[in-house]
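Reader: I would like to go through this structure by question and answer. Please start with whatever term is needed first.

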Amino acid sequence: MKGTRVRTPRRTPLAAAVTAGALLASLTGCVTVHGESAVVPALGKAEAAKVLRTFVERNNRANTAYDTALNARIETGALGAIDQAGLTARKKVRPQGNPDYVPLKLTDTRYLIPEQAGWPKFFVTDSRSNRKGQGRWLFVFQRDRADGPWKAAYLSVVDPDAMPEFARDAEGHVKAVPVGGASGLTVAPDQLSRRYTRYLQEGAGDNFATGPHTSVQRKQRLKEMKRTSVRNEFADQAVRSPQFAPFGLRTKDGGALVFFASRHHHKQTLPRGYRPQIKNPLVKALMSGTPKQSVTFVRMSEQAVTVPARKSHGKVDFLSRIEGLTTARGS
């Protein structure tokens, strides 16, 4: 896994908060009987542990070689988009790979496996990693059909003190949250991407708690937009299923921990007669077109948030946000 951090407009645009670099092997667990209609566990705990073990082993090999092709086969959604772009850039800059890569180790893992009907199915792993910081690493693994592979769709790094308690059924399984209006949440999971991007773009809506990924980010943008030496423009784009499906787990308070994705554009235009200077080699590796006067950076973002129950009138609170540059266009 490559260490990254969420970027503000003034920072190097490629890296993310804690880059996944995560490569999940093309694993198949057991085929769920009657998975289209019966409410059954996504898979067993032993299978989930095997998925994670194989994931760690192949992740380490792929990150050493910057194997983008492998990543394209084994990751999906926002995590796949971020990692595939990052590996592509690093491979161009350093074709020989990264022999100094420190292997990822995940320990003290618990498996959050809901009972579900239909597809996609998902489960979540919650582990301690050997990377710097005290955050717990949560991977969301997704499977789109009974004979398909499990793929990593999201990575979130969450402060242990902020981790919610999950509701469980009589058998001890965590509970999946419906993504639509039946979720019982202040914002349904399938509306979070639209609501969040609208908030960033317009400041509209009061669903989100103040913090670095909401009110602070809007203030930073407004400051950047007032600069006279360069014109900064921002555009935020909601993403949808099936490519970027949201997933949620019910919490004991009736709310949910929800994982969702969004896409963000940042265009910088210099005065006539000035050319953008792109010094970061990883950004150059993802550049298309010629930056004669402007550059547009396109970033994918993956979020983990707690969403309160509708009756509580609480706010959506961000626990993790990981962002990575996927493309850059010069014009």
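Author: A residue counts as buried at under 20% relative accessible area, as exposed at over 50%, and as partly exposed in between. The model discussed here is predicted.

Reader: Is Met-163 buried or exposed?
Author: Met-163 sits in the loop between strand S6 (151-158) and strand S7 (174-175). Its relative accessible area is 16%. The cut-off is under 20%, so Met-163 is buried.

Reader: Which residues does Met-163 touch, not counting those up to four places away in sequence?
Author: The C-alpha atom of Met-163 is separated by 9.3 Å from that of Thr-306, and the two residues are 143 apart along the chain. Beyond four places in sequence, Met-163 touches Arg-110, Asp-126, Arg-136, Leu-138 and Val-158.

Reader: How much of the protein chain is buried?
Author: The secondary structure of the chain comes to six helices and 13 strands. Among contacts with a separation of 6 or more, residues 24 or more positions apart account for 69%. Of the 331 residues in the chain, the buried share is 55%.

Reader: What is the handedness of the crossing of H4 and H5, and what classes of residue form the contact?
Author: H4 passes H5 in a right-handed crossing. On the H4 side are Tyr-196, Tyr-199, Leu-200, Gln-201 and Glu-202, and they meet Ser-215, Gln-217, Arg-218 and Arg-221 in H5. By class, the contact has three nonpolar, three polar and three charged residues.

Reader: Which elements do the buried residues of H5 pack against?
Author: The buried residues of H5 are Ser-215, Gln-217, Arg-218, Arg-221 and Glu-224. They pack against H4, strand S8 (231-238), strand S10 (256-269) and strand S13 (317-330).

Reader: With which side chain does the side chain of Asp-236 make a polar contact?
Author: Asp-236 lies in S8, and it is buried, with a relative accessible area of 14%. Leaving out residues up to four places away in sequence, Asp-236 touches Thr-197, Leu-200, Gln-201, Arg-221, Arg-263 and His-264. The side-chain polar contact, at 2.6 Å, is with His-264.

Reader: Is Arg-128 buried or partly exposed?
Author: Arg-128 belongs to strand S4 (residues 121-129). Its relative accessible area is 45%. Buried would need a value under 20%, and exposed one over 50%, so Arg-128 is partly exposed.

Reader: Which side chain is in polar contact with the side chain of Arg-128?
Author: The C-alpha atoms of Arg-128 and Thr-107 are separated by 5.2 Å, although these residues are 21 apart along the chain. Neighbours within four places aside, Arg-128 is in contact with Lys-105, Leu-106, Thr-107, Asp-108 and Arg-136. The polar contact, at 3.4 Å, is with the side chain of Asp-108.

Reader: What is the value of phi for Asp-108?
Author: Asp-108 is found in strand S2 (residues 106-112). It is partly exposed, with a relative accessible area of 47%. Most residues other than glycine have a negative phi. Asp-108 has a positive phi, near 50°.

Reader: What is the value of phi for Tyr-66?
Author: Tyr-66 lies in the loop between helix H1 (45-65) and helix H2 (68-74). At 6% relative accessibility, Tyr-66 counts as buried. Its phi is positive in a residue other than glycine, with a value near 55°.

Reader: What is omega for the cis peptide bond from Trp-119 to Pro-120?
Author: Most peptide bonds are trans. Pro-120 is placed in the loop between strand S3 (114-116) and S4. The bond from Trp-119 to Pro-120 is cis, with omega near 0°.

Reader: Where is Pro-242, and what is omega for the peptide bond from Ser-241 to Pro-242?
Author: Pro-242 is in the loop between S8 and strand S9 (247-250). The bond from Ser-241 to Pro-242 is cis, with omega near 5°.

Notes. Residues numbered from 1 in each chain as written. Predicted model: local features only at pLDDT ≥ 70, side-chain atom pairs only at ≥ 80, totals over all residues. Heavy atoms only, no water. Helix = DSSP H or I, 4+ residues; strand = E, 2+ residues; numbered from the N terminus. Buried < 20%, exposed > 50% of the residue type's maximum accessible area, 1.4 Å probe, protein only. Contact = heavy atoms within 4.5 Å. Polar contact = N/O pair within 3.5 Å; in protein donor to acceptor, adjacent residues only side chain to side chain. Left-handed = near helix turned anticlockwise from the far one by under 90°. Nonpolar A, V, L, I, M, F, W, Y, C, P; charged D, E, K, R; others polar.
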